[in-house]
Amino acid sequence: VLMSETSQSPAPKPQSAARDALVRRLIDVVAMPGSRIPPQDRSMAGDILLDMLLHVTDRERSLCASRLAVCRDAPRRVLRYLAQCSFAVARPLLEESDAFDACDLVEIVQSTTAEHRSVIARRRNLCVTVTASLTQVSEPQVVRELLANRNAPLAETTVDRLIALSRDEPSFCPLLAERIELRSSHAMAMFWWADRATRRKILTRHASDRSEMISICRGVFEMAAAEGWSDSITRKALQLIERRQRNRAAIERSAYDSLEGAVAAAAANGIDAELAQEIGYLAGIKPVTAAKIMSDPGGEGLAVLCKATGLKREYVRMIWTALRRPIEDAPGQINPVFSNVAETYEVLSVAKAQTTLRYWNWSCLLYT
């Protein structure tokens, strides 16, 4: 309402010396410490000052904002009005004032410009309500400022939103990867559109080795086996936890004697959709997961697949060859993409690679 009054008010008339003096005196009054002025007097002075600020120039508004930026007891209506004025006026308050609460900041976020929001995103001790409001506007620069601010906590629903936004704004990915609020499911979803360095960070930091879950659930495996794995919900959950990755039932039905045999055949004859699907079955993953891994330009997913299923490093080279991707750009000069894939294979542990592969295979979020 105050903003609309300002935009509709006529240009201020030449200001009299009396008006100028009165504005300054009122600023002095509202800026007094609480020990020197009754709250009723400060409130009345604030009401009068606010009415006068609607009719003065930015020079007087800037003077008022600078004076009140360090005054915690200043009338909040005055502070909110000044914070929604032009950026030059609002900046000292947005940077320094501790008087705003979450509702004040949300109102300012919703009614001002990207410049205002960028400064708010850098403030200390923001709450999750304000950070959620900042992300609703979907301004990349504001979001980057927010993600870089370690004093700005993010609600889980806000992280969900930012993960979705990061698909079209890759610059969010490395910043999100550093956030303590990032969960494994978030990281594994973001992996597919993240850059190389962020992918490496996701693979090394956000995968569990499942050792504690395996130990605690050992008895449940035995119970489920005794029941013939008849409960589909239990079977699906235990498949995410168990140590074994390869699908033994698929191997018994396959035309190939092992996963290694299928990969070797692909390296010798090339890989088509049917053989890619067969490799996926033998590796214990869905066809859609296998297709996602094999069509990914970065190739790190292939390293995860090979390490998780116990394939030796020479099979990384074989499957890369089967996909008709170059290993060398020139004699003795390793292709940098393959070099990264080979290095990823080496740095991953089997347990973490399995956890990563199972997240990809389990969550529909990864393919939406």
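Student: Why is Arg-91 called partly exposed?
Tutor: The relative accessibility of Arg-91 is 38%. Buried means under 20% relative accessible area, exposed over 50%, and partly exposed in between, with a 1.4 Å probe and protein chains only. Arg-91 therefore counts as partly exposed. The model is predicted, so local features need pLDDT of at least 70 and side-chain atom pairs pLDDT 80 or more, while totals for chains, interfaces and linings use all residues. Residues are numbered from 1 along each chain, and side-chain values use heavy atoms, without hydrogens and water.

Student: What makes Arg-91 and Glu-95 a salt bridge?
Tutor: Their closest N and O atoms are 2.9 Å apart, and a salt bridge asks for a side-chain nitrogen of Lys or Arg within 4 Å of a carboxyl oxygen of Asp or Glu. Both residues lie in helix α6, four residues apart, about one turn of the helix. Glu-95 is also partly exposed, because its relative accessible area is 40%. Elsewhere, salt bridges that share partners join Arg-76, Arg-80, Asp-101, Asp-104 and Glu-107 into one network. The structure holds 22 salt bridges.

Student: How do you know whether Asp-58 is buried or exposed or partly exposed, and what of Arg-61?
Tutor: Asp-58 has a relative accessible area of 35%, so Asp-58 is partly exposed. Arg-61 has 8% relative accessibility and therefore counts as buried. The two residues form a salt bridge with closest N and O atoms 2.9 Å apart, and they are three residues apart in helix α4 (residues 58-68), about one helical turn.

Student: Why can residues three or four places apart point the same way in an α-helix?
Tutor: An α-helix has 3.6 residues a turn, so such residues point the same way. Arg-24 and Asp-20 are four residues apart in helix α2 (residues 17-30), and their side chains meet in a salt bridge at 3.2 Å, N to O.

Student: What makes Asp-101 a cap of α7?
Tutor: A side-chain oxygen of Asp-101 lies 3.1 Å from the backbone nitrogen of Cys-103, at the N-terminal end of α7. A polar contact is a pair of N or O atoms within 3.5 Å, one able to donate a hydrogen and the other to accept it. The buried residues of helix α7 (residues 102-111) are Asp-104, Leu-105, Val-106, Ile-108 and Val-109.

Student: Which backbone oxygen lies 2.9 Å from a polar atom of the side chain of Thr-204?
Tutor: That oxygen belongs to Arg-200. Thr-204 is placed in helix α14 (residues 196-205), and counts as partly exposed because its relative accessibility is 35%.

Key: Helix = DSSP H or I, 4+ residues; strand = E, 2+ residues; numbered from the N terminus.
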